[in-house]
Structures are given as structure tokens and as C-alpha cells.
Amino acid sequence: MTRSPLHLDADTLNACVSCGLCLPHCPTYRVTGREIASPRGRIAAMRAVEIDGAPVDDAFRTAMEECVSCRGCETACPSGVEFGHLMEATRAALPPPRSRARRTAEWLGYAVVLPRHWLVLACTWAAWLGQRLHLVPARFGPPKLSARSLARSLDIPVGGAPEAWLFTGCVMDAWLRDTHRSVARVMHGAGVRAARPGSGGACCGALHLHAGRAAEARALAARVMRAMPGTAPIVVDSAGCGAAMKEYGTLLGTPEAHDFSARVVDFSEWLVGRQLPPLRRTGTRVVVQDPCHLRNVQKTHGAVRTVLAPAYELVETDDDGLCCGAGGAYAISQRDLSQRILERKVDALHGAIDDPSPIVVSANPGCIVQLRGAGIDARHPADLIAEALP
Ligand code: SF4
Ligand code: SF4
């Protein structure tokens, strides 16, 4: 029997020719300078385990867990190495962590809370109370929560046969629900009858997939697909969720999943070419931050510029779209590295514009929360478009 402890696709693994062109695009390599913290080093470590019989030890686990899964290396790679799939498969094959506390915390987060939206909301109310009592440090946890926003449900019907679905997600619906309200306003302005998913359609499983919990991710994906039947497009205003849902076809390997993925569109991608009332020219300068899962996976970051340009003066950074260090749960599990990557991003944002408090646009809730934690005024494209509606 062939030994294959990580169950990696040999062709994908061997596609890497160790040229190193991906290294400058890797945020963990940029802040550490360590080969093992680079895509090339990680692939070499995967090969050593998969082919040469090296052990899956603590050093290997650390190398895999320090990756932000930003997939900047994929975009840069001339050999087309599908690094994201290698990393997801590797993490899924890792043995459970030794620490019982960590196993329990992960079980609570991934298996208990995230799949139950009422629990996500209950935890968010607890966090809101903690913020009111000044028990939650400003640089940690959710953005500043609003009881008024949390107490009001979205003014969008559930289920039915809409012209377009608005996927509302788990954490985003709890922490940034006002952005969904902006999306709903824009969809209404475009004359589109929208609905949100019914029961079980909250958590897309992206965080589970990044954490190597592939079986749970597949179960959540199947549930999300059942919650939004039909052929209507599925508008997603979270770049990380949209990227995962566009890959359901690969994840589940069924024709239904491929059909579902083909219906998924990022909010800005969906808005391009739609008829809206003419936007107000605001004269406001806005720095664009490309979420990795919009730029490197969905590759639809150009649409953000297209839809905002009529109303805002857009400013680009010169850091080639390097990651901000959010990476879903990465900002918590790899706090130190995440903050070092964030510092580079904040410098790039400030360097792009002569304004001590710039407005930054980002299409991903994780990036918005990460940037706000560093004192940046980060907004979603939908919020800016809604503000510019007449
Ligand atoms: S992943 Fe691609 S860019 Fe990076 S070393 Fe391998 S072949 Fe070169
Ligand atoms: S996914 Fe991002 S952090 Fe991970 S190796 Fe590739 S560039 Fe580096």
C-alpha cells in the first residue's frame, strides 16, 4: 500500500519547482524571514512528510498553523501550485492538538457555537455586555457592538422564490449586521427582490475548512445549499464566505455543489452593470484594501473599484495587496504573527494617503474587524455605496 499520511495530490505537490517567486507575496515570510514560514518551505515540509517519511511533529504543525491561508502565493506562482488545497488537506490530516484546553475551546467554537446561529447571537450579546462593562479590551474581540442593530432583525424576507439571495452568514450577521442593511438598500435600489436563507443557512463552513475540520465544513456546506434552493444568484458580502462557497463544487464534488457555486457572487461583482439611481459624487478619498479571498481566490477585487469610482476618489496602496493578518480565526490563534502582519498593512494604508485618519474600504468582515482593532476607519463597499445613494 502507498504511504500517504497527508492524503495530498502528488501532482499538486510536485508542481512546485522551488523557484521562490512566491516568497515576497507571503506575509509570514515577510515578517519572519524564515524559510519554513514561506510557501516554498511549507511545501518542502509537506513533501518530507508525505514522501520521505518525516514525522508529523510539533515543528511541522507550527509551520502549517502559522500560514494565514491568504493564498497570495497561489496568485504569484508561475507553476500554478494550488497551495490552498494543499494546506486544507494537510490541516485535515493533522492529528488533534495535544492540549486538552485547546481541543475543548476548538470543539466549543467550531462544533457547538458556529453551527447554531442563536448561540452566535447569544455570545455576541454577552460580548456587547462585556464591552458596556469595559471588560473586553478594545484591541481584542468583536468591533464596537450596537444593541440597537442586534435587537432589530433584517428587513428582508426569509426563503421563498427571490430574484437574488442575500447570504447573511454567522459572525457577520452578529457583528456587522448594518452592512447587510446597506446591501439590502442597494439591492432594493437596483429593483431586485431579495430574500435571506432559511433555517441552517447561516454558517458557510469557511472557518472550519481553514482549521482542517473538513467533515464539518462539508456538512455545513450541504446545509447552506439546502437553505437557498433554485437558480437565483447568491449575493455574498463577506469575501471569505464567498470564496468558500465558490469552492463548494470542489469541496463536495457533486454536480449540485458545482451548480450552487456557479450562482455565488460577491456583492460588488453582482452590482457591476446593474441599474442604480445615479450615485452622489461625495468627493471623499478612500483607500482600497483588497481582502485576500477577494483578490487571490475570487479574483473579483476590480469590481470594488468599478462600483465605488462614480462616488469616491479611490487611493491604492503600494504593497501589492499583501494580507492584513486577519485570516478568520488566525487573528486569535496566531495573535503575535497576526499583529506583526497587521502593522505592515497599517503602514501601507497610512503611506498611501496624506490623511491621519483615512477611510479604508474592505469587502471582508474579518479584515474590517482587524483594521478597526488597529484604529483604522474600515468600511464595507456596500456601506459606502448606500451612503452615496440619493
Ligand atoms: S509555490 Fe510556486 S512560486 Fe512558490 S516556490 Fe513553488 S513553484 Fe515557485
Ligand atoms: S497562503 Fe499566504 S501565508 Fe500561507 S504560505 Fe501562502 S502566502 Fe504564505
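## Ground rules

Two strands count as paired if DSSP finds at least two bridges between them. Helices (H or I, at least four residues) and strands (E, at least two) are DSSP runs, numbered from the N terminus. This is a predicted model, with local features needing pLDDT of at least 70 and side-chain atom pairs counting only at pLDDT 80 or more, while totals for chains, interfaces and linings use all residues. Residues are numbered from 1 along each chain as its sequence is written, and side-chain values use heavy atoms, leaving out hydrogens and water.

## The sheet

Valine 235 sits opposite valine 265 in S4. Strand S3 (residues 234-236) and S4 run parallel, joined by three bridges. Zooming out, there's an open sheet of four strands in the order S2-S1-S3-S4, with parallel pairing. Strand S2 (194-195) and strand S4 (264-266) are the edges, each pairing on one side only.

## Helices on the sheet

Helix H14 (residues 239-246) lies across S1, S3 and S4, at about 155° to S4. Angles run from 0 to 180 degrees between N-to-C directions, and axes are lines fitted to C-alpha atoms, for helices over the stretch in contact. Contact here means heavy atoms within 4.5 Å.

## H3 against H6

The axes of helix H3 (residues 39-50) and helix H6 (residues 83-93) come within 11 Å and cross at roughly 45°. H3 and H6 are therefore oblique to each other (under 35 degrees is roughly parallel, over 145 roughly antiparallel, 65 to 115 roughly perpendicular, and the rest oblique). H3 brings Pro39, Arg42, Ile43 and Met46 to the contact, and H6 brings Phe83, Leu86, Met87 and Thr90.

Note on methods: Chains are lettered from A and ligands numbered from 1 in the order in which they are written.
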